[in-house]
Each structure stands twice: as C-alpha cells, then as structure tokens.
Amino acid sequence: MTPLDVLDYAGVAVFAATGALAASRKQLDMIGFGFMAAITGIGGGTFRDLVLGATPVFWVEKPAYLIVCAVVAAIIYFTAHLVESRYRLLLWLDAVGLSAYAVMGAAKGLALSGSPSVAVVTGMMTATLGGILRDLLSGEPSVLMRPEIYVSAALVGAGGFVAASLLGAPLIAASGVGVVLAFAVRGGAIRYGWAFSPYRSRAGRRPEDVM
Amino acid sequence: MTPLDVLDYAGVAVFAATGALAASRKQLDMIGFGFMAAITGIGGGTFRDLVLGATPVFWVEKPAYLIVCAVVAAIIYFTAHLVESRYRLLLWLDAVGLSAYAVMGAAKGLALSGSPSVAVVTGMMTATLGGILRDLLSGEPSVLMRPEIYVSAALVGAGGFVAASLLGAPLIAASGVGVVLAFAVRGGAIRYGWAFSPYRSRAGRRPEDVM
Amino acid sequence: MTPLDVLDYAGVAVFAATGALAASRKQLDMIGFGFMAAITGIGGGTFRDLVLGATPVFWVEKPAYLIVCAVVAAIIYFTAHLVESRYRLLLWLDAVGLSAYAVMGAAKGLALSGSPSVAVVTGMMTATLGGILRDLLSGEPSVLMRPEIYVSAALVGAGGFVAASLLGAPLIAASGVGVVLAFAVRGGAIRYGWAFSPYRSRAGRRPEDVM
C-alpha cells in the first residue's frame, strides 16, 4: 500500500465511524449503522471520482472499502455506549477523516486534472461531503453551519498538499504536510473554539474596517 | 423487454408515484408533481449508473423513462384525493419500488463489476436513494430514520438475488427470489411493525449480553 | 466565447452569489461564503455533466469557473450589508441563474443526447439543482416548496430553447428565446406571486372540474 492508500482507508474508516456514531445517536438498528457508515465513509470519495471521471468509482474497483465500513459499523455498534460523549468522539474522528480526505482528494484531483485550483476544490469537497451527507440524512444541523472553523481546515490541508507538491516535495512528505496542517487547524477549532469572526449584518461602514 | 426491463420500469413508475404523493401532501402544483416524480423515480437508478460508470445514465439513453414519470405524476394529480390515506399508499408503493430496485441495482452492479459485495451495495443504495431524496426535498423526516425495518429489506432482496445468481439460478428466477424476499420483509415491517431492537444508550455491561 | 459560454459563466456567477447570500444570512465565515458559492454555482452544471457522461465535469476542465465563484463570494462578503433585503436579492439573482442554466442545461443535453425530452429534463434539473443544494445545506425551506411558480419557469425556458432549436433557429436566437421566457415567467412569479392553483386535498368530484 502506498501512503495514499493508507490515507484513503483511514479516511473511509473514520468517516464510517462518525456515520455509525450518528446512527447510534438516532437509535437506528444494526443495518442502519452499516448504511450510515457506508454513506459517510465513501460519500466524499465517490463524489471526487465522479467529477474527475474516474469511474467506476473506487469502492466498485476495490470492494474492500465496503468491508471496512461494515466492520467499523459493527465495532461502533458494540462499543459506542462505552464512550462518555459520543458527539465529542464523532467530532474528533470527523477531524481525522477530514484531514486524510482533504489530502487524498487533492492528490487524486492533482493527478487526474493537473490543475492546482481543481485539486484544492476536490480536496475540500471530498473532505467535507461525507460529513454533510451524514448530517443531512440524520437530520442534524450541518457541521458546515457550526460557528467554528471547518471547511477552512480542509482548505488549508488541501492547499498545503498542493503547495508542497508544486515545490517538489515527494508524495509522502506532501501528504504529511497536508494532513498535519488540516488536523492542527480543525483540532484547534474543536479544542479552543477557533473561528473567524463570522459575517454579521451591519449598517454601512468604511471598507477598511473589514480588510 | 427482459425481466429486468420490467423491474426497471416498475421501479421507476412506483417511485415516481411516491414522489407525486409527497408533492400532493405538500400541495405543490402540477409541475411540482412531475418534478418530484422524476427525481424520486430516476434518482436511485441515476446514482447506480454514475458509480458504475454506465454513463450516459439510463434515462438519457431511453427517454421513455421520463415519459413514465410524467404520466404517473398526472395520474396521481387527478386521483390522489380518492385515496383514503395517501401516506399509507406511499409507504406500500415505496415497498414495491424498493423491492424492484434492490434487484435491478444488484443485477446491474453484478453485471458491470463482477463483485458480489459491490452488487449488494448498489442494490441497497439504488433501492433507498429515491426515497431518501424524496424525503429530503419535501422536508419530511427520512424514511431511513423510521423505527421499522427499511434498509434491511433492500439488503435482503439484493443479497437474495446475488446469492441465487451465484448458485446458478437463471436471471428471471434470481430476480423473483430477490423481489419476493425484499417485499416480504418490508411488507411485514409496514403491516406488523417489524423492527430490530434499536440501539439504545446503555451503561457498561458484559459484552456477552449483546452477542 | 460563444453565447453558451456567456450563459454558463453568468449562471455560475449569479448562483454563486445566491449561495454567498445564503451564507451571509447564516452568518458563516468568509470560507463558508466561498464554499456555499461554489456548491450553488457549480452544482447544477456538475449534475448535468455527470448524467450526460461528460466527465471530467466542466469546472475540472476549465478551473476559471472556480475563480469566478471565489471572486463572487468575496464581493458578496464585503457588500451584502449594503443591500436592503438580501433574501429579495437572492430570489432575483436566482431567477437570472435559473434562466441561464435552463438554456445551458437544455443545450448541452440536446447536443450530447439528441433527445428533446432529455434536453428539457437536463435543462430543468440543471436550473434548479443549485438552489436545491443551497437550501438543503443552509437548512432553509426549499425554494421548490414555495407556492409560486419555480420549476415551471425552468421548464418553459428549456422547452422554449428546444422548440426553437428544432424549428431551426440559430443557437444564439434559441438561447435568447429560452432565457427571456424563463426569466419572464419566474420574474412574474416573484413580482406578482404567479402560481398555479396548488393541489388540495378534496372529496370526490366530477373529473371535469379539474380539466
């Protein structure tokens, strides 16, 4: 397995775990755990492959990804009650998945399109889509709408990977840079509540105020 | 038409009917009926074709599927008020569509990928995606989150079809097995409220309790 | 640039603006503006390209579309507070985007599939999907469920373009017909509340009443 394969399996596994945790919060049955794990785990990568034209998508080519989702769902089904705060665990696993997938999405986008801006966007969307689908399906407020930094962490990770790659870093180093950057930003946001000042409705003011 | 073509048109038509019934519950206009019918009717098959790389998707190749959705929407528009409980009718039609699509999705997945596990997943996702989209768009709680068995019925139908096929059953027999299994499970769930015991938050206990 | 290129960039830009306006209503941060702008701006066209098998999708081929979304998001971020009613502006920009995309979606569908009914459907879905995604992600009631005419305007625009094309009109004339028709219908709906009489639950009555 290449470093990217490791990231890919890691991203699928931890996103699958967050999907199964969402299922546990909604008190679904065991098959519901597996379904939410699969959609969350493979959703982002499926989107990435579709827009890049890399079909059949990755889990059709390598069904082992589906087995990973099923196994993770079963583990969460039998262990979720041992965790003190399942939502907090979900957030941290989501951060790991976001970091892995931001790099994977950017790497595949860069390899197949050759365009840095496309790579950053496929990185961001791959990293965030699984969580978006999970929240939509389970009827919870989207993680996108939370006040602290989320999409920006994916942007930083994908951008860091692309920048390091363009500067000539080998794949494993560029991947490491991207994963560490994304996780540092998202982890700081979870731990310390990092947030940009959000947009607020305001009366007219001098443009310099917001620059 | 092959048996699979019949299943495909049946799946599109009954899911289209559930979409139109959802439109009637939301008091949309006639075009809204057609739109909800089309998205619900062709949503699952569209996803199946996209992930398998079978593009252009089926309704671009054979626009007759779109005509089916339009005709079904018009029929529901003029007859839905005659039905005593539109939600109950929606659930039963959804069960028929789920059964037809679980087999169709598994059959196309098996034919194009050769992998049984991929076939089971494309069957499950094809069967459930139309209903998921319908519920998301009409703002109703997802059928996925209902307590009684839903995804599991699609799993049983897709799994039954794949198992019968691997055992050498001819296409029409394997399809019959899958459709009957899926409908029996989902029908029992609607009629008798069949459900797995859902996951519930619990204090720590011996692992044997849940095995 | 051909007339269709102009429509395409216009559709992306105005839908991106509506996504950014939705972000401002939800008080997201600047990256959230860009993300919502991108998903809303390129969502419809991405779907169109996927179902038609035109992959990699348009923004992977021409990353300039992504730059457009980023620039539009930045402009809205710094100017949205100057607008009296951001929701009203969102609705009018949405109407422009819907008109441009109904024609673009129909034109690409007609060129790649050769089928008028497919072209009308890709037109309708391309025109409405961006707004659907925007509303789903920001947790607002879908524009689809509003009482006044919405999907019908896309249908009229796409149908007008296809009809004019089949009658031999040159591309630029057919595009103009489609855009003007769609915008007139949707604009009238916003300005004057045009609506079909919605479906209402009723007791049995003579079929002639509704014909």
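A residue is called buried if 20 or more other C-beta atoms lie within 10 Å of its own, exposed if 12 or fewer do, and partly exposed in between, with the C-beta atoms placed from the backbone. With that in hand, let us walk through the structure above.

This is a predicted model, in which local features need pLDDT of at least 70, side-chain atom pairs count only at pLDDT 80 or more, and totals for chains, interfaces and linings use all residues. Residues are numbered from 1 along each chain as its sequence is written, while chains are lettered from A and ligands numbered from 1 in the order in which they are written.

Q27(B) is not a glycine, yet its phi is positive, about 55°. With 14 other C-beta atoms within 10 Å, Q27(B) counts as partly exposed. In chain A, Q27(A) also has a positive phi of about 55° without being a glycine. Q27(A) sits in the loop between α1 (3-25) and α2 of chain A, and it is partly exposed, with 14 other C-beta atoms within 10 Å.

P56(B) lies between α2 (30-52) and α3 (58-61) of chain B, and P56(C) is in the loop between α2 (30-52) and α3 (58-61) of chain C. The table lists the two bonds.

| Cis peptide bond | Omega |
|---|---|
| T55(B) to P56(B) | about -5° |
| T55(C) to P56(C) | near -5° |

**How the chains are arranged**

Two copies of a chain are related by a rotation about an axis and a shift along it.

**Where the chains touch**

Two residues are in contact if their C-beta atoms, placed from the backbone, lie within 7 Å. Between chains C and A, the contact takes 26 residues from chain C and 28 residues from chain A. On the side of chain C that touches chain A, α2, α4 (64-79) and α6 (116-138) of chain C each supply at least two residues. The largest share, 7 residues, comes from α2(C). By class, this side of chain C has 17 nonpolar, 7 polar and 2 charged residues. Ala, Val, Leu, Ile, Met, Phe, Trp, Tyr, Cys and Pro count as nonpolar, Asp, Glu, Lys and Arg as charged, and the others, Gly among them, as polar. Only 8% of the interface residues of chain C are also interface residues in chain A, so the copies meet through different surfaces.

**Inside the core**

A nonpolar core is a set of buried Ala, Val, Leu, Ile, Met, Phe, Trp, Tyr and Cys residues joined through C-beta atoms within 7 Å. The largest one has 237 residues, and A16(A), A20(A), A16(B), A20(B), A16(C) and A20(C) touch the most other members. Not counting residues up to four places away in sequence, A16(B) touches residues including A37(B), T40(B), V68(B) and C69(B).

Technical notes: Helix = DSSP H or I, 4+ residues; strand = E, 2+ residues; numbered from the N terminus.
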